[in-house]
Amino acid sequence: MKVLVVEDNARLAERITYKLSKDFTVDVATSGEEALEQCRNIHYSVIVLDLGLPRMSGVDVCKELRRSKYTSPILILSGLNAVQTRVELLDSGADDYLTKPFDIHELRARIRALQRRRAERTLGQKIICGALEIDNDKKTVNRGDILIPLRRKEFAILLYLAQNQGRILTRQMIMDNVWGNESTSWISTIDVHIKHLRDKIDRPFGTAYIKTAYGLGYTLDAGK
């Protein structure tokens, strides 16, 4: 697995590289511009991106990577832990974040988890989440042996949640992915569709898969 670490603090970059190189192949970029240039030529399994870069911030790098359709998971390192900061990071296209100072073992575990989620999403057209089976080819949803009819937008939201199991998706992320350029829709319509989804795939079965991350958004998680 090839990992790109984007960090302008030379000592921290060296420490991260030394620790991660036991398990991964690690490249280092010391600026946002350098990171973008390396990503144009190399496909990285995961990008570890510092938020406080000089000239071009980590958020701007993340947005530019997503605009250029670079789909590799991005984990942002930040000294900030406010809810609004986390919302901005997720909306910018980040897959996860870790607050400084951090334990290198947790960083390693999060990198592995991001790659594992990505690998799971690429396995066939059927996505399994607990007893929930989503068939993207047939556009059908089953929970156990029960077929659950969904409207088009409901299916699209559920599919997006399922493709990102365990990851918090903000309302804006869902809006951008499902509605695209249909700018006449309001963000609040996401909550309405989520309620309808819960009424169909959760409440009749007594176990909730769609979870609310308060102040952030929603996630699909079947739990253990």
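Predicted model: local features only at pLDDT ≥ 70, side-chain atom pairs only at ≥ 80, totals over all residues.

Which residue's side chain meets that of Arg203 in a salt bridge? The partner is Asp199, and the N to O distance is 2.4 Å. Arg203 is exposed, with a relative accessible area of 53%, while Asp199 is partly exposed at 30%.

**Overall form**

- The chain has 8 helices and 12 strands.
- Its radius of gyration is 18 Å, close to the 17 Å that the globule rule gives for 224 residues, so the chain is as compact as a globular protein of that length.
- The C-alpha trace spans about 55 × 40 × 30 Å along its principal axes.
- Of the 224 residues in the chain, 48% are buried.

**Salt bridges**

- Side chains of opposite charge can pair when their charged atoms come close.
- The structure holds 17 salt bridges.
- One of these joins Arg66 and Asp95, with the closest N and O atoms 2.8 Å apart. Arg66 belongs to helix H3, and Asp95 to the loop between helix H4 (83-91) and S5, so this pair ties together parts that are 29 residues apart in sequence.
- Another salt bridge links Arg110 to Glu106, where the closest N and O atoms are 2.7 Å apart. Both residues sit in helix H5, and because they are 4 residues apart there, about one helical turn separates them.
- Arg110 is partly exposed, with a relative accessible area of 24%, and Glu106 is also partly exposed, at 34%.
- Glu7, Asp50 and Lys100 are connected in a network of salt bridges.

**Negative surface patch**

- Which residues gather in a patch of negative charge on the surface? They are Asp60, Glu88, Asp91 and Asp176.
- Asp176 is part of helix H7, which covers residues 171-178. Its relative accessibility is 45%, so Asp176 counts as partly exposed.

**Backbone features**

- Most residues other than glycine have a negative phi, and most peptide bonds are trans. The next points list departures from this.
- Lys100, a member of the salt-bridge network with Glu7 and Asp50, is joined to Pro101 by a cis peptide bond. Omega of this bond is about -5 degrees.
- Pro101 is placed in the loop between strand S5 (96-99) and helix H5 (104-121). Helix H5 is also where Arg110 and Glu106 are found.
- Arg55 is not a glycine, yet its phi is positive, near 65 degrees. Arg55 lies in the loop between strand S3 (46-50) and helix H3 (58-67). With a relative accessible area of 69%, Arg55 is exposed.
- Lys139 likewise has a positive phi, near 60 degrees, in a residue other than glycine. The loop that holds Lys139 runs between strand S7 (132-135) and strand S8 (140-143).

Note on methods:
Residues numbered from 1 in each chain as written. Heavy atoms only, no water. Patch = residues over 30% accessible without salt bridge, like charges linked within 9 Å, V, L, I, M, F, W, Y side chains within 5 Å. Areas by Shrake-Rupley, 256 points an atom, 1.4 Å probe, with all protein chains shown as cover. Salt bridge = Lys/Arg side-chain N within 4 Å of Asp/Glu carboxyl O. Lys, Arg positive; Asp, Glu negative; His and termini not counted. Charge placed at Lys NZ, Arg CZ, Asp CG, Glu CD. Helix = DSSP H or I, 4+ residues; strand = E, 2+ residues; numbered from the N terminus. Buried < 20%, exposed > 50% of the residue type's maximum accessible area, 1.4 Å probe, protein only. Rg over C-alpha atoms; globule rule 2.2 N^0.38 Å.
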